[in-house]
Amino acid sequence: MLAHINDKNNLHPKSNSVTPIYHPKKLMVPRSELTEIDPTAVGGEILEGDVQIFIRLDYVNNNISGGIFESTEGKARVVFPFTEHATFLRGRVRITDVATCTKKLLKPGDSYIIEQGTTVIWETITPNAQKSFLNITTA
């Protein structure tokens, strides 16, 4: 499916047009546009802190979803229930691949791809961190 931006910048999945979900002029998507979810819904187990997770789904089609994700300060063990591409919009997160012990510090503008089934330690080291994401779930 080829997506394009229409004149009104509205999301119309059935007509193959798309709207940007993040505007660089904003520092972050307002929390009022997000919905709080249980961290276990995205494969998380809280290790330290009072981690809260907020999301906004901008696109859902069968096994593909995309939108905005925000986490508050703290540490969690996450088994990714999907393959994800994400780009950070705000905050800083340290991700440790449990299998390789490889650590990466991610900040605004940084992106990653994590495969479904990968276990990481996700540590939000600023009061909050926000990313734009696209997830694909396979059987």
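## A walk through the aromatic core

Start by selecting Phe88, which is buried at a relative accessible area of 2%; buried means under 20% relative accessible area, exposed over 50% and partly exposed in between, with a 1.4 Å probe and protein chains only. Before going on, note that this is a predicted model, where local features need pLDDT of at least 70, side-chain atom pairs count only at pLDDT 80 or more, and totals for chains, interfaces and linings use all residues. Residues are numbered from 1 along each chain as its sequence is written, and side-chain values use heavy atoms, with hydrogens and water left out.

Strands are DSSP runs of E, at least two residues long, numbered from the N terminus.

A charge sits over a ring if NZ of Lys or CZ of Arg is within 6 Å of the ring centre and within 35 degrees of the ring normal.

**Ring against ring**

Next, the aromatic pairs. Rings of Phe, Tyr and Trp (its six-membered ring) pair if their centres lie within 6.5 Å, and planes under 30 degrees apart count as stacked, over 60 as edge-to-face and the rest as tilted. By this rule there are five pairs. Zoom in on Phe69 and Trp122: the ring centres are 5.9 Å apart and the planes sit at 75 degrees, so this pair is edge-to-face. Phe69 belongs to strand 4 and Trp122 to strand 9, so the pair ties together parts 53 residues apart in sequence. Both of these residues are buried.

Then go to Phe88 and Tyr112, with centres 6.0 Å apart and planes at 50 degrees, so that pair is tilted. It joins strand 5 to strand 8 across 24 residues.

Beyond four places in sequence, Tyr112 touches residues including Phe80, Glu84, Leu106 and Lys131, where contact means heavy atoms within 4.5 Å.

**Charges to click on**

Which residue forms a salt bridge with Glu84? Select Lys131, whose closest N atom is 2.7 Å from an O atom of Glu84. A salt bridge is a side-chain nitrogen of Lys or Arg within 4 Å of a carboxyl oxygen of Asp or Glu. Glu84 is in strand 5 and Lys131 in strand 9, so the pair ties together parts 47 residues apart in sequence. Glu84 and Lys131 are both buried. Lys131 also lies over the face of Phe69, at 4.4 Å from the ring centre.

The structure holds seven salt bridges. For another stop, select Glu33, Arg56 and Asp58, which are linked in a salt-bridge network.

Terms used. Helix = DSSP H or I, 4+ residues; strand = E, 2+ residues; numbered from the N terminus.
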